[in-house]
Amino acid sequence: ALMCLPAIPAWSQAPHFDRSGTQTALVVDGEPYLALAVQANNSSNYPAMLETVWPMVERLHANTLLMPVAWEQVEPEEGLFDLTFLDTLLEQARAHDKRLVLLWYGAFKNTAPGYAPAWVKRDGERFPRMRTPEGSAHYALSPHAAATREADARAFAQVMRHLARIDRQHTVIMVQVENETGSYRLARDHADGPARLFAQPIPQELADGLGIARGTWSDAFGPRAEQYFMSWHMASYVEAVARTGLAEWELPVLVNAALGDAFTDGSGDVGPSGGPNWNALPIWRIAAPSVDAYGPDIYNRNADAVVRYLDRYGEGGWPLLVPEIGNARDYARFIWPALGRGGVMFSPFGMDRSGYINHPLGAAVLDEETLEAFAAPYRFLAPAARDWARIAMDRPTWGTARGQDGSDQSHEMGRWQIDVQYGRWMFGEDDWSFDGQQEHPLKDVPTGGMMVAQLDTHTFLLAGQHVRVRFALADGSPGEQAQIIEAQEGTFVDGEWVMRRRWNGDQVDYGFNFGEQPVWLRVEMGTYR
Ligand code: N0T
């Protein structure tokens with residue numbers, strides 16, 4: 001057959017992050033993109049399993065699928081590469097009109113070498129494990145071993161080279177290098193070479209990057225010395241793998257984190273040692289310049305912790321992506337604070353019909369109610385995903401979800417204070433009571449959230465679910481009072497706002513009340529005196 005490369009359409013510029021706006025955007029086909037994603041289960045990375053995956057992607061109205069590609073499957077024998085899964089996966093993704101994020105399961109998958117090929121697992125000489133202080137083997141491979149790094153990088157580069165051949169249209173928009181790196185239960189490798197390194201001064205590059213003196217690891221980092229030593233070397237490993245792959249095909253590189261305590265690293269709960277937990281990000285960023293984004297894997301149901309993770313990972317203009325979040329119902333509402341913080345990807349984990357359930361991390365059963373909790377915001381957002389992504393790049397945004405105790409929340413944007421409440425009837429005030437009045441069915445249910453973009457000083461674009469939102473003047477002068485000028489419910493058609501109706505009367509007298517189905521509301525506020 002005649003082989004020829006298809007013509008490259010104008011929009012096929014490589015996906016990339018654009019930091020020029022108010023918030024960092026993920027640009028795909030030349031425009032900001034919002035990845036309403038799902039992640040398949042760990043072992044769904046075979047052609048036969050894909051039929052259990054697509055129905056779930058469709059049911060959830062996702063536009064993006066996160067799918068593992070394992071070292072053991074692409075290089076079952078050393079030097080012999082089998083990339084046929086990629087062919088099948090990309091072909092099916094295109095048929096379903098979905099984009100892909102590939103997850104490279106190399107030497108580190110949840111820190112362990114489970115997805116490394118048998119020839120790697122069997123050869124402890126060439127591919128050494130970390131060593132305990134007593135000299136026995138730890139389960140994790142050592143990130144210090146050049147042979148492991150080079151073999152891992154070579155296999156990953158084959159994947160990227162294959163994409164360069166088969167994916168000029170960029171069905172694959174991002175790659176994740178390794179998965180939840182680090183080491184559980186052993187802070188660092190005590191083998192001779194690494195132990196000597198630990199006794200030496202920290203690298204000059206690290207001292208310069210952090211603006212600190214070049215002392216030993218212990219001098220520089222005290223109780224965090226072993227963790228940061230491991231972080232530096234783990235990040236350097238990931239950098240080498242990523243860079244080798246990028247030389248073949250340019251794509252945004254993501255790294256995901258198994259998280260420690262959201263609030264403090266003082267307790268020593270920092271996730272696996274050396275992984276990209278929030279406290280180690282400054283080290284990772286110096287050691288791994290090829291990594292574009294760090295994503296928190298969120299399996300903590302505490303709303304305060306979730307929001308803290310989002311704030312930490314999106315800080316400093318870094319792109320905010322959630323590569324994994326539990327697929328239990330309680331987690332669905334966190335899409336609002338994630339997108340409200342400029343998030344460009346949200347991805348509940350374990351969304352396929354393979355039959356695997358990772359409860360207690362996620363749902364105990366993927367029943368309709370659970371699926372609908374994730375599907376409702378996705379179904380609503382999907383047609384306007386590009387519009388929201390563009391607005392979030394240009395304008396200030398905020399978002400929130402029901403907190404631990406369901407208490408009221410508020411946030412200031414310029415002259416306006418936005419007040420948010422949960423578990424309220426749409427009509428009336430808290431201190432009114434009526435004969436026969438029932439308790440609100442969602443009063444104690446962990447659902448509800450909203451996001452808002454400030455389009456100009458007095459105009460806001462709102463979206464939300466199971467939430468009441470009000471605007472108050474944050475800085476009124478004496479006698480100045482707030483009023484709603486106009487509230488339009490509408491949608492985006494070809495990038496233009498199209499009104500469906502105005503909200504007025506009951507629909508605005510007790511706040512803007514969002515129910516089961518999210519809607520877009522464009523509110524212009526004003527004042528009178
Ligand atoms: C996640 C997922 C998958 C005491 C778990 C979370 C995914 C990986 N790991 O289903 O394995 O590939 O990234 C680890 C969280 C451990 C929490 C232990 C609770």
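**Exercise 1.** Are Phe471 and Phe512 buried or exposed? Then classify their ring pair.

*Solution.* The model is predicted. Step one: burial. Both Phe471 and Phe512 are buried. Step two: geometry. The ring centres of Phe471 and Phe512 lie 6.2 Å apart. Pairing requires centres within 6.5 Å. The planes of the two rings meet at 70 degrees. Angles over 60 degrees count as edge-to-face, so the Phe471–Phe512 pair is edge-to-face. Step three: location. Phe471 belongs to strand 19 (residues 467-473), and Phe512 to strand 22 (residues 512-514). The pair therefore ties together parts 41 residues apart in sequence.

**Exercise 2.** How many aromatic pairs does a search of the whole structure find? Work through the pair of Trp71 and Trp119.

*Solution.* The search gives 24 aromatic pairs. Among them is Trp71 with Trp119, at 5.9 Å centre to centre. Their planes stand at 90 degrees, and the pair is edge-to-face. Now place the residues. Trp71 is in helix 2 (residues 71-74), and Trp119 is in helix 4 (residues 118-121). The pair links distant parts of the chain, 48 residues apart. Finally, check burial against the cut-off of under 20% relative accessible area. Trp71 has 0% relative accessibility, so Trp71 counts as buried. Trp119 has a relative accessible area of 14%, so Trp119 is buried.

**Exercise 3.** Which residues form one aromatic cluster with Phe198, and which residue lies over the face of Phe198?

*Solution.* List the cluster: Phe198, Trp217, Phe221, Tyr228 and Phe229. Then look over the ring. Arg188 lies over the face of Phe198, 3.8 Å from the ring centre. Elsewhere, the charged end of Arg19 sits over the ring of Trp318, 4.8 Å from its centre.

Conventions
Residues numbered from 1 in each chain as written. Predicted model: local features only at pLDDT ≥ 70, side-chain atom pairs only at ≥ 80, totals over all residues. Heavy atoms only, no water. Phe/Tyr/Trp six-rings, centres within 6.5 Å; stacked < 30°, edge-to-face > 60°. Helix = DSSP H or I, 4+ residues; strand = E, 2+ residues; numbered from the N terminus. Buried < 20%, exposed > 50% of the residue type's maximum accessible area, 1.4 Å probe, protein only. Lys NZ or Arg CZ within 6 Å of the ring centre and 35° of its normal.
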